[in-house]
Amino acid sequence: MSQGGDKVIGILGGMGPEATVDLFLKIVKLTPASRDQDHLRVIVDSNPKIPDRTAYVLGRGEDPFPALLSTALNLKRAGADFLIMPCNTAHYFIERLEREAGIPFISIVEAAIEELREKVLSPAKVGILATDGTIKTGIYHKGLEKLGFTPVIPSEKGQRLVMRSIYEGVKAGRLEEAKSWIRVPVDELISYGVKAIILGCTELPLLFKDNKIGEVYLVDATLALAKKAVKVALGEEVAK
């Protein structure tokens, strides 16, 4: 639990492992610290055995909720004050997880949309790069439309390349190939006139160095979540 006034962050990770490392590193980099003791306590349970979220949402796989709940409870018992998940698709389960685990979560979707609003005024077209599962759940569409934005997704061909970049690229350790695959749907979204593109899968920020392509903003959902988590842990904001 809280020590020295700071809240303890719990990372429900492993979805995937490299995305979990990316989130943790961003938390470390964002924390104002000049010595070890200034950093936040972070408890990580990287559980890659959690069944694939997209496969379940599409009706082709095992229900990941029991494993998500078990991992959340592990983190709660270990002393976490609130939880974050470096997996966008898993946020389909976030309300049920909060209710059954009895611990607050910070939503990566809400954090990403907050970050977007700092860069782009509505109404505007906003591209979404995410798994088929995240697209099907509509979690980004609902949040964007509520604020007057128009969500835009790639064509079927473009979406196949998004999935290939995630599953055959980053998750398989083939980052350079994934960088070439993802460029096709990115260029497609830009051609549709989007003002920003949400990198709505935690594998995708690993493929980009910059936060803009030309005049189009890239919203790193993982970075947005890390920023929010640090603020909550330091008492600057409250986990909803």
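**Buried spots and paired rings**

Start with S165, which you'll find in helix 8, spanning residues 156-170. This is a predicted model, and in it S165 counts as buried because its relative accessible area is 0%, with the cut-off at under 20%. Looking past its neighbours within four places in sequence, S165 is in contact with V170, A178, W181, I182 and L207. W181 turns up again with R164: the charged end of R164 sits over the W181 ring, 4.1 Å from the ring centre. There's another such arrangement at K212, whose charged end sits over the ring of Y217, 4.6 Å from its centre.

Now hop over to helix 1 (residues 17-30), where T20 is found. T20 is buried too, at 3% relative accessible area. A polar atom of the T20 side chain lies 2.8 Å from the backbone nitrogen of G14. Leaving out residues up to four places away in sequence, T20 touches I11, G13, G14, M15, V44, S46 and P86.

On to the aromatics, where the count comes to 3 pairs. F65 and F93 have ring centres 6.2 Å apart and planes at 40°, so that pair is tilted. The two come from distant parts of the chain, 28 residues apart: F65 is in helix 3 (residues 65-78), while F93 is in the loop between strand 3 (82-84) and helix 4 (94-101). F65 is buried at 3% relative accessible area, and F93 is buried at 5%. F93 also pairs with Y92, with centres 5.1 Å apart and planes at 80°, so this one is edge-to-face. Y92 itself is partly exposed, at 46% relative accessibility. Put together, ring pairs link Y56, F65, Y92 and F93 into a cluster.

How values were computed
Residues are numbered from 1 along each chain as its sequence is written. This is a predicted model: local features need pLDDT of at least 70, side-chain atom pairs count only at pLDDT 80 or more; totals for chains, interfaces and linings use all residues. Side-chain values use heavy atoms; hydrogens and water are left out. Helices (H or I, at least four residues) and strands (E, at least two) are DSSP runs, numbered from the N terminus. Buried means under 20% relative accessible area, exposed over 50%, partly exposed in between (1.4 Å probe, protein chains only). Contact means heavy atoms within 4.5 Å. A polar contact is a pair of N or O atoms within 3.5 Å; within protein, one must be able to donate a hydrogen and the other to accept it, and residues adjacent in sequence count only if both atoms are side-chain atoms. Rings of Phe, Tyr and Trp (its six-membered ring) pair if their centres lie within 6.5 Å; planes under 30 degrees apart count as stacked, over 60 as edge-to-face and the rest as tilted. A charge sits over a ring if NZ of Lys or CZ of Arg is within 6 Å of the ring centre and within 35 degrees of the ring normal.
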